[in-house]
Amino acid sequence: MELLLALPVLLPLGGAAVTLILRHHARVQMWLAILTLVAIFTVAIVLGYHVTQESVLVLRIGGWTPQLGITLVADRLTALMLLVSSFVTLAVLVYSSAQTVSENTERTPVAIYYPTYLALVAGVSMAFVAGDLFNLYVGFEVLLAASYVLLTLGGSASRVRAATTYVVVSLLSSVIFLAGIAAVYAAAGTVNMAELAVRLDGVQPGTRMILELMLLVAFGIKAALFPLSAWLPDSYPTAPAPVTAVFAGLLTKVGIYAILRLETLLFPASQISNLLLAAAALSLIIGILGAVAQTDLKRVLSFTLVSHMGYMLFGIGMVTQLGMAATIFYVAHHIVVQSTLFLAAGLIEHRGGTTNLIKLGGLQKLAPLVAILFFIPAMNLAGIPPFSGFIGKVGLIEAGIAYDRPAGWILIAASVITSLLTLYAIAKIWSRAFWQEPDQEIIDREVRMPAVMTGATAAMIAFSLLLTFLAGPIMNYAGEAAHSVLQRTPYVSAVLGDEAAEELIYKIDGEGHRVDSTGREVTG
């Protein structure tokens, strides 16, 4: 069963190679890519079932020990991320199959779209299942290399300009990440995360803090957390709708996933938790204020993406099981909803010819189906009950109340304000794009809405509603995942064995006796 862990990486890499060979057969490429993602989604379902039975699955590539070889690990958190991400990438690919990847078809190398897209999926999956920091870095680099290509498809001046900023910032974060890995190896003698969970406890506190800050900055850039988020609103809006949907839904969440592992597995009870909470509050408020000030639909959504990353960091910064469970649920919710909104923005652009809110109008009558497809995920993002966004935010607020510290109460206030301002931003979009009087140019546009594009968007909405209807079981699952990542012992025990896991609980004193956290000798 452990062999299934390699499939979310191997299947898209193999699919990318074959689709590149078939570059002169676009339709065959499309169907092969779709079938590959269906297979990955199926594997994710099977993995999700087995981690509920066995807690943690481990695959040692080539049979090598964790100290020498590549280790792939999947627990409940990994399985949930794989399941949600595989569904989103599948739906977005189906959406893009009915839409020209770029409005400039003559200059767009469409033949490389499907191989590059599958390479992106492989990078995301690798980041989720990596059991060591170096292969987490490899996963990041694979998805970033693919994203550089996808972001510049069409070669227009605006896309190249936006991609330049994106590439420079991404390379900077990668350099910081690589330097952090080197420093971690110098301090602990390993990059395997299970081993680091044991060894980093013995590193000097000052050194530990430097290592943690280096990795946190690298992941914070990738997750677009304030003040490391200025690159995102200028980079994402220029890309085609399917590309932006995947970027917004997944790439930033890989950064959040890495931060979650960092703050639970490697650096538990961190001394900089207040710094995380401060970054969460600033991301929430400054991001949503930026969204309110925009007049372009994609830029509004990009700023809301920055803002809502603060919700996820809120739960991580508290380092409590309730907060972590709410964060895990909210991450799954936000991947689906944010991606859906960008797909809906693509439908609006397809019908109205622009995403400029000043130029749009009348779409409620001209395209009522598009209005519905935008309205549902928009209300979900704003946290209107009974949608999953409301459930996730209530979970975070409950965790903040239980946290019962000044920082928690400040975050609760920031969360409520952000939710209200998100609703205001959505109302502004609705008022201008759907209710205001349209220009004659929009009325005269005779555009047929592709059934596949609307169907894929509707499927995403259905998945988000499933998160609402199954919120109880999913929240319980998230609670178990939170307990596992906070406890650490199941992960370490699965990778290194029970003796290594005991080192997380018991330490050896200067005389060689095993002692507990109070310093008392433990026998037996």
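**A helix pair, and onward**

Guide: Helix 4 and helix 5 pass each other in a left-handed crossing (the near helix is turned anticlockwise from the far one by less than a right angle; clockwise would be right-handed). Helices here are DSSP runs of H or I with at least four residues, numbered from the N terminus, while strands are E runs of at least two. Before going on: this is a predicted model, where local features need pLDDT of at least 70 and side-chain atom pairs count only at 80 or more, while totals for chains, interfaces and linings use all residues. Residues are numbered from 1 along each chain as its sequence is written, and side-chain values use heavy atoms, without hydrogens or water.

Back to our pair. The axes of helix 4 (residues 113-129) and helix 5 come within 7 Å and cross at roughly 155 degrees; axes are lines fitted to C-alpha atoms over the stretch in contact, with angles from 0 to 180 degrees between N-to-C directions. The two helices are therefore roughly antiparallel (over 145 degrees; under 35 is roughly parallel, 65 to 115 roughly perpendicular, the rest oblique). On the helix 4 side, the contact (heavy atoms within 4.5 Å) is made by Tyr113, Thr116, Tyr117, Ala119, Leu120, Gly123, Val124, Met126 and Ala127. Helix 5 answers with Asn135, Leu136, Gly139, Val142, Leu143, Ala146, Ser147, Val149 and Leu150. Sort these by class and you get 13 nonpolar, 5 polar and no charged residues; Ala, Val, Leu, Ile, Met, Phe, Trp, Tyr, Cys and Pro count as nonpolar, Asp, Glu, Lys and Arg as charged, and the others, Gly among them, as polar.

Let's zoom in on Asn135, which sits in helix 5 (residues 133-151). With a relative accessible area of 10%, Asn135 is buried (under 20%; exposed is over 50%, partly exposed in between, with a 1.4 Å probe and protein chains only). Leaving out residues up to four places away in sequence, Asn135 touches Ile70, Met126 and Ala130. Then there's Asn192: 57 residues from Asn135 in sequence, but 9.3 Å away in space, C-alpha to C-alpha.

Just after helix 6 comes Gly189, with a positive phi of about 80 degrees.

Most residues other than glycine have a negative phi, and most peptide bonds are trans. Phe226 and Pro227, though, are joined by a cis peptide bond with omega about 5 degrees, and Pro227 lies in the loop between helix 8 (205-223) and helix 9 (232-235). Another cis bond runs from Pro385 to Pro386, with omega near 10 degrees; look for Pro386 in the loop between helix 15 (368-382) and helix 16 (388-403).

Asp404 is exposed, at 53% relative accessible area. Arg488, with phi near 70 degrees, lies in the loop between helix 20 (471-487) and helix 21 (489-496), and at 8% relative accessibility Arg488 counts as buried.

Helix 13 (residues 321-352) and helix 19 (residues 451-469) have axes that come within 9 Å and cross at roughly 155 degrees. That makes helix 13 roughly antiparallel to helix 19, and their crossing is left-handed. The residues of this contact divide into 12 nonpolar, 6 polar and no charged.

Helix 19 itself has 19 residues and reaches 26 Å from its first C-alpha to its last, close to the expected 27 Å. Its buried residues include Met453, Ala456, Ile461, Phe463 and Leu467. Among the elements covering the buried residues of helix 19 are helix 3 (76-97), helix 13, helix 15, helix 16 and helix 20.

Methods
The expected span of a helix is 1.5 Å times one less than its number of residues.
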